[in-house]
Amino acid sequence: FLINSTFVFVITICLGLLILILNITEGWKCFKKEVSQNIGKVDRIFRLQIFFFDGLMGMYLLSIVVASIVLQFIGDYCTLERKWRGSAICSALGALFSFSCHGSLLTVAALSVTRFIICRGIGVSIRKRTVVIV
């Protein structure tokens with residue numbers, strides 16, 4: 001079996017569904033919320049990105065559960081390991097996992113850098129000057 005433990009199997013299903021449901025509902029609330037300040041708009045974009053990438057992780061977890069069920073009905077995972085790991089589905093799930101993890105980490109890093117710049121006041125003291133040529 002891809003997921004041998006029943007406990008881990010049930011937890012994976014529950015977490016996958018929970019991640020999807022929470023990210024869809026909170027992402028929709030964030031999308032619908034009107035923001036007037038520029039910093040609020042930037043925060044909104046970052047939050048939507050995090051909701052997107054974390055939602056992809058929920059899809060990944062549920063896909064692993066489906067793959068485990070399919071492999072259970074086809075045969076033993078140990079006998080199908082080489083075929084499964086070489087399949088396009090396994091590669092796509094690996095790419096989905098990597099994209100979700102790295103996208104979420106890069107978004108959090110960008111959010112942290114943005115917060116640092118705002119808190120330190122870098123770039124805030126830029127003055128506009130008007131030059132008149134007669």
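Is Cys30 buried or exposed? With a relative accessibility of 6%, Cys30 counts as buried, where buried means under 20% relative accessible area, exposed over 50% and partly exposed in between (1.4 Å probe, protein chains only).

## Ground rules

This is a predicted model, so local features need pLDDT of at least 70 and side-chain atom pairs count only at pLDDT 80 or more, while totals for chains, interfaces and linings use all residues. Residues are numbered from 1 along each chain as its sequence is written, and side-chain values use heavy atoms, with hydrogens and water left out.

## Cysteines

Cys14 counts as partly exposed, at 45% relative accessibility. The structure holds zero disulfides, a disulfide being a pair of cysteine sulfur atoms within 2.5 Å.

## Around Asn23

Asn23 sits in helix H1, residues 6-32 (helices are DSSP runs of H or I, at least four residues, numbered from the N terminus). Asn23 counts as buried because its relative accessibility is 14%. A polar atom of the Asn23 side chain lies 2.8 Å from the backbone oxygen of Ile19.

Leaving aside residues up to four places away in sequence, Asn23 touches Ile50, Phe51, Asp54 and Gly55; contact here means heavy atoms within 4.5 Å.

## The nonpolar core

A nonpolar core is a set of buried Ala, Val, Leu, Ile, Met, Phe, Trp, Tyr and Cys residues joined through side-chain atoms within 4.5 Å. The largest one has 13 residues, and those touching the most other members are Leu56, Tyr60, Ile64, Leu71, Trp84, Leu93 and Leu96.

Take Leu96: not counting residues up to four places away in sequence, Leu96 touches Leu56, Met59 and Tyr60.

Terms used:
Helices (H or I, at least four residues) and strands (E, at least two) are DSSP runs, numbered from the N terminus. A polar contact is a pair of N or O atoms within 3.5 Å; within protein, one must be able to donate a hydrogen and the other to accept it, and residues adjacent in sequence count only if both atoms are side-chain atoms.
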